[in-house]
Amino acid sequence: MIKDPPLLLLRVVLVLASAFLCSSQDYDFGTTAAAAPPPALEDCNGIFFSYTFISREKEFPHVKNVSAQSWAFKSEVVVINAGSEELKGWKVFVGFQHREILVSADGAVITDGGDFPADVGNGTYLSGYPMTDLKTSIDTAGDFKQIQAKVEMTGTMFGIRPKAVPMPKTIRLENDGFKCPAPHLHGKYIYILLLVTYMSYSIWLLF
Ligand SMILES: *[C@@H]1O[C@H](CO)[C@@H](O)[C@H](O)[C@H]1NC(C)=O
Ligand SMILES: *[C@@H]1O[C@H](CO)[C@@H](O)[C@H](O)[C@H]1NC(C)=O
């Protein structure tokens, strides 16, 4: 099944490292984002995913009341199958908490079929579209286009202070058969979640 796990693992970590370096250039709050991938990635043998806050801009109308001010935001969810089994019909929960209105989500649909713009202030479920399934690195000779889904989101959020980085309360994978450790807030910008499938766990314990 896994012919060369150390090499596969290394490749995943390297590609992730470069992905993080690229996305960290987009932050616009004058604070340096963490450039190195989190240590958890080195053990990544299941499904990896992250939520990255990219930018925000004040929207009209401009008001004095901080809670009533709306902001246009951009953020990104990335899901990567770094395991040894195909992930069919991936589905994630993003626990938004700033009265968010999702305006677009390129690469996903709202799972319960809502149209955009969608009121997602209590969180929302996203499913891949058109990329509903994520193949394994093993079956695709490490083709990142087939093992990774990227969702680029735009929307509106309310009531955030000028320097704060608004993150969701939580994110999690909703597919069956995955153990979900708590997400990590990394360098204030990135939520990281490392999930290990019960089945592949024992395989990887050998290394
Ligand atoms: C500020 O805006 C919030 C949210 O729209 C509203 O609930 C609150 O009453 C407003 N406060 C003032 C002082 O107008
Ligand atoms: C979010 O939850 C609150 C409290 O349960 C509820 O009043 C509100 O209608 C919910 N909003 C949406 C968009 O579901």
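Select Val77 and show what surrounds it. Setting aside residues up to four places away in sequence, Val77 touches Phe49, Tyr51, Val92, Val94, Leu126 and Val151. This is a predicted model. In strand E8, Val77 has Val151 as its bridge partner.

Which residues have the most contacts inside the largest nonpolar core? They are Phe49, Val77, Val79 and Val92, in a core of 26 residues. Color by element to see where the core comes from: E1, E2, E3, strand E4 (101-106), E8 and E9 each give two or more residues to it. In soluble globular proteins, nonpolar side chains tend to be buried together.

**The pairing around E2**

Next, select residues 70-81, which form strand E2. Strand E1 (residues 47-58) runs antiparallel to E2, and 11 bridges join the two. To find one point of this pairing, pick Phe48, which stands opposite Ile80 in E2.

**Thr156**

Stay in strand E8, where Thr156 has its place. Is Thr156 buried, exposed or partly exposed? Thr156 is partly exposed, because 17 other C-beta atoms lie within 10 Å, while a buried residue needs 20 or more and an exposed one has 12 or fewer. Select its contacts, leaving aside neighbours within four places in sequence: Glu59, Ser70, Trp71, Ala72, Glu100, Ile101 and Val103. Draw a distance line from Thr156 to Glu100: their C-alpha atoms are separated by 5.5 Å, although the two are 56 residues apart along the chain.

**The four-stranded sheet**

Hide the previous selection and show E5, E7, E3 and E9. These four strands make an open sheet in the order E5-E7-E3-E9, with antiparallel pairing. Its edge strands are E5 and strand E9 (171-173), each of which pairs on one side only. On average, neighbouring strands of this sheet are turned by 30° against each other, direction ignored.

Walk across the sheet one pair at a time. Strand E5 (residues 108-110) pairs with E7 over three bridges, and Ile110 has Leu126 as its bridge partner in E7. E7 is then joined to strand E3 (residues 91-94) by four bridges; at this pairing, Phe93 has Tyr125 as its partner in E7. Three bridges join E3 to E9, and Val94 has Ile171 as its bridge partner there.

Which residues of E7 lie on the covered face? They are Thr124, Leu126 and Gly128, with Tyr125 and Ser127 on the uncovered face.

**Gly95**

Move to Gly95, in the loop between E3 and E4. Gly95 is partly exposed, because 17 other C-beta atoms lie within 10 Å. Beyond residues up to four places away in sequence, Gly95 touches Gly123, Pro168, Lys169, Thr170 and Ile171.

**The whole chain**

Zoom out and show everything. The protein chain has three helices and 12 strands. Of its 207 residues, 31% are buried. Among contacts with a separation of 6 or more, 68% are between residues 24 or more positions apart.

Last, color by pLDDT. The chain averages 74, and 65% of the residues score at least 70. Where is confidence lowest, and where is it highest? The lowest mean, 32, belongs to helix H3 (residues 198-205), and the highest, 97, to E4. Over residues 197-207 the pLDDT is below 50, and this stretch has 20 contacts in the model beyond near neighbours in sequence. Select residues 1-41 as well: pLDDT stays under 50 there, and the model has 45 contacts beyond four places in sequence for this stretch.

Terms used: Residues are numbered from 1 along each chain as its sequence is written. Chains are lettered from A and ligands numbered from 1 in the order in which they are written. This is a predicted model: local features need pLDDT of at least 70, side-chain atom pairs count only at pLDDT 80 or more; totals for chains, interfaces and linings use all residues. Two strands pair if DSSP finds at least two bridges between them. Two residues are in contact if their C-beta atoms, placed from the backbone, lie within 7 Å. Axes are lines fitted to C-alpha atoms, for helices over the stretch in contact, and angles run from 0 to 180 degrees between N-to-C directions. A nonpolar core is a set of buried Ala, Val, Leu, Ile, Met, Phe, Trp, Tyr and Cys residues joined through C-beta atoms within 7 Å. pLDDT is the predictor's confidence in each residue, from 0 to 100.
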